[in-house]
Amino acid sequence: MVALQVNGEERTAEDGARNLLSFLRFDLGLTGTKYGCGEGLCGSCTVLVDGQPLRACMTTVGAVAGGSLTTIEGLAQNGELHPVQSAFVEESAMQCGYCIPGFIMTAVGLLSREPNASSAQIREALAENMCRCGTYQRIQRAVERAAGGPS
Amino acid sequence: MNEGGLRIVGEVVVFTAPRQSYAQAAYGNTEPAKQPATWLHVGTDGRATAYAGKVEYGQGIRSGLAMEVADELRLPLDAVDVVLADTDIVPWDMGTFGSQSTARVGMQLRKAAATARQALLELAADRLDLPASELDCRDGSVRSKQDQGRAVSYAELLAGQDLTRELIEDIALTPASDFTVMGKPALRVDAVARATGASQYSQDIIVPGMLFAKVIRAPSYHAKLGEIDASAAERMPGVVQVARDEHLVAVLAESDQQAELAASVVQAQWEEESGQKSHLDMPELLLSSARDPYATQEAGSLEDGFRSADAVLESMYYVPYVSNAPMEPRAAVAQWEDGKLTVWAGTQRPFGLRTELAQRFEIDEDRVRVIAPEIGGGFGSKSMYPVAHEAARLARVAGRPVRVAYSRAEEQTWATFRPAALFEIKSGFRSDGTLVAWECKAYHAGDRPFVGRRGSDTPYDVPNVNVTVYTSDSPLRVGSYRSLGGAANHFAREVHMDEIAEAVGVDPVELRLRNLSQPRFRKVLESAAERFGWSAAKPPSKRGVGVAVGLDVGSYVATCMQVGVQGTEVKVERVAAALDCGLTVNPEGAANQVEGSIVMGLGTALYEAADFQAGVLLNSGFTRYRVPRINNAPQIEVALVGDVETPSTGAGEPGIVPVAAAISNAVFDLTGERHRELPIQRHLR
């Protein structure tokens with residue numbers, strides 16, 4: 001039995017070998033975190049563990065035992081979108097939207113380390129994620145907006 | 001469906017003739033099962049709900065349709081809901097392809113909304129005791145034009161009512177000059193749901209009691225299943241059964257991981273097909289297997305044309321197979337209840353899938369419900385949706401709901417590909433670069449001739465022309481991709497035009513203008529060049545700038561590029577594109593589509609190619625199949641230059657057609673090396 005916190009709630013998993021992404025999506029029903037490649041290459045499954053971005057598809061529940069996880073569903077507080085979420089909405093930084101939760105989590109992780117991240121830092125961090133619709137220019141603008149403007 | 005209020009019913013929309021023949025050739029589903037249908041409902045709360053058989057797969061159609069209804073019905077955008085792609089609820093639709101959503105279904109919804117507006121005006125005329133001509137609708141109310149204080153809201157008008165009106169086909173629509181919503185940038189109506197993870201895709205559908213399937217897949221294309229021993233798998237934890245329906249075998253388990261683990265111990269014998277072609281065989285195969293020549297353009301006499309030319313140029317061009325590679329691999333959940341089948345599947349053709357399933361199980365179509373949730377990209381390929389069939393078959397065997405989801409490798413391997421294609425172009429021109437003869441032979445892989453024909457004709461003024469498209473053998477399964485064969489055809493033609501510019505020493509923009517009289521073409525080219533800051537120079541100018549123009553689904557596009565090259569890496573730095581798609585309902589959405597098309601085209605230009613050997617796809621994952629990332633994406637400026645009085649044409653596809661050529665031309669302009677074969681980076685040293 002493994003205990004962890006997900007979006008502020010205590011959760012348990014019977015099997016520490018349970019894939020973290022499957023655990024979140026199918027056991028907890030938190031389907032905002034997406035499966036894209038299963039190889040840690042596309043970033044669609046990015047969640048925050050103790051504030052840092054992690055690829056859920058490459059991780060087991062046991063590996064994050066005792067940790068505090070945040071998924072895309074846990075970002076908004078009291079009905080208020082997280083500033084990064086608002087920025088994606090304002091910049092229409094999405095098309096199909098499948099990759100967007102992953103991008104947002106990666107950006108939130110970056111801005112928690114580097115609140116005034118430069119355009120270059122943003123580009124470097126987000127290069128870990130993929131958007132096949134190609135909305136990169138808008139995604140870049142959205143994260144720059146959340147970081148307090150382009151640099 | 002909501003009770004009470006005002007319902008607008010009308011005929012379902014069928015495609016115009018060329019699109020219909022495409023759809024028939026591709027999928028065979030052109031007949032609506034049931035007429036008429038509810039298009040629009042205005043509730044007793046004054047809100048409107050639009051119903052459409054289109055799917056949302058990134059193109060922003062939900063927002064576009066909501067804007068059209070909001071404008072015609074004089075409602076704020078947030079008072080309009082859009083229900084898409086549930087075959088039990090929405091009007092029959094052929095499918096979401098060919099950039100027809102705004103042009104056809106949007107128009108039908110505008111008519112429905114205008115019909116509703118007229119009905120509301122009549123109700124208000126009674127209520128306010130004023131002639132309808134003295135009333136107008138604004139912000140969800142009908143009011144007197146003279147006395148704005150005399151007003152009644154839609155909600156008040158519809159309280160206690162249950163009305164049905166027939167959609168008026170020839171009703172007067174709002175002129176473009178009176179639009180308050182259409183044509184203005186708007187945020188997507190579904191943006192918050194996407195940014196919070198609330199949007200539900202096929203991969204996200206969870207039904208109570210659902211089993212997770214892991215299908216035993218063939219190790220290579222065309223392999224036939226022989227003996228199979230699943231006894232060990234059946235004893236694995238969580239496994240409910242190893243289900244078999246003809247050649248379909250799948251482990252069904254309580255969890256995805258249990259199904260995967262058990263599937264890995266299934267012992268299956270396969271009879272593999274030997275002698276399968278590889279990607280290296282393609283150029284030769286395209287030529288040697290060419291058949292069914294079809295002239296897409298024919299005029300004058302090539303012989304006379306080439307004889308009168310000052311110079312003649314001949315070149316060959318090649319594009320490999322590419323993967324659509326949407327971020328969401330296909331997934332489906334199927335459930336049988338009392339002989340009725342419900343399938344959640346992110347297909348572009350929910351009604352087509354319904355027909356297929358009804359036929360497979362020999363049941364009436366009204367015993368099948370297909371719901372297409374949000375679709376995580378597709379770019380054409382999700383018309384074909386085999387996992388829906390698999391889920392339905394397995395659910396019937398199991399007697400429980402079943403989920404079948406492709407892994408990334410399955411998605412890439414078992415989806416369709418954009419066909420490889422080879423081109424032979426011979427042009428004759430005068431010393432000033434004006435064309436006098438154009439001969440193009442296009443060889444596209446696969447048995448879908450309409451794919452290769454799209455965009456194969458040249459838009460340039462040339463008196464003697466012959467463009468012939470051939471069908472060639474295809475070792476890979478081909479399917480639809482953004483613009484079908486349009487992007488490949490444009491690549492060959494637009495690189496060749498650049499070669500003519502080089503041959504006569506004329507600036508590539510100027511060379512194109514000398515050969516283009518179509519005003520809409522000239523306008524997009526001049527607009528893109530101006531936005532880009534293009535200055536005329538004899539090629540190669542060593543500046544790394546390139547241009548190409550295109551025409552797809554009735555929309556005109558031109559693109560200018562600035563590239564840099566470092567070793568074997570091409571960096572596209574800056575792009576200016578101009579699109580004329582007539583009336584642009586949602587400029588923000590159209591610009592977004594063009595930006596995305598440019599990034600997608602960049603991948604095909606520089607690194608994308610599906611490699612295969614002995615029936616195995618060699619790059620079935622993102623480790624080996626490279627697609628553009630944010631650090632490869634250029635700065636893009638999009639100018640929308642369509643006339644508001646010109647009917648809307650597509651915006652989702654045209655943006656890609658000039659991209660690969662513009663990049664190739666820009667690389668030539670920088671390095672002096674001509675790239676006639678894609679992807680370019682494989683040929684840089």
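**Exercises on a predicted two-chain model**

**Exercise 1.** Is B:Asp129 buried or exposed?

*Solution.* Count the C-beta neighbours of B:Asp129 inside 10 Å: there are 8. A residue is exposed if that count is 12 or fewer. Therefore B:Asp129 counts as exposed. The structure is a predicted model. Last, check the backbone: phi of B:Asp129 is near 55°, a positive value in a residue other than glycine. Most residues other than glycine have a negative phi.

**Exercise 2.** Where is B:Asp338 found, and is it buried or exposed?

*Solution.* Start with the place. B:Asp338 lies in the loop between strand 17 (331–337) and strand 18 (340–345) of chain B. Now count: B:Asp338 has 5 C-beta neighbours inside 10 Å, so it counts as exposed. Its phi is near 50°, again positive in a residue other than glycine.

**Exercise 3.** Which kind of peptide bond, cis or trans, joins B:Pro539 to B:Pro540?

*Solution.* Read omega: it is near -5° from B:Pro539 to B:Pro540, and the bond is cis. Then locate B:Pro540: it is in the loop between helix 16 (519–532) and strand 25 (545–552) of chain B.

**Exercise 4.** How many residues of chain A are in contact with chain B?

*Solution.* Take each side in turn. From chain A, 46 residues are in contact with 48 residues of chain B. Then ask which element of chain A gives the largest share of its side: helix 5 does, with five residues. Finish with the classes: the chain A side has 23 nonpolar, 16 polar and seven charged residues.

How values were computed. Residues numbered from 1 in each chain as written. Chains lettered and ligands numbered in written order. Predicted model: local features only at pLDDT ≥ 70, side-chain atom pairs only at ≥ 80, totals over all residues. Contact = placed C-beta atoms within 7 Å. Helix = DSSP H or I, 4+ residues; strand = E, 2+ residues; numbered from the N terminus. Nonpolar A, V, L, I, M, F, W, Y, C, P; charged D, E, K, R; others polar. Buried ≥ 20, exposed ≤ 12 C-beta atoms within 10 Å, placed from the backbone.
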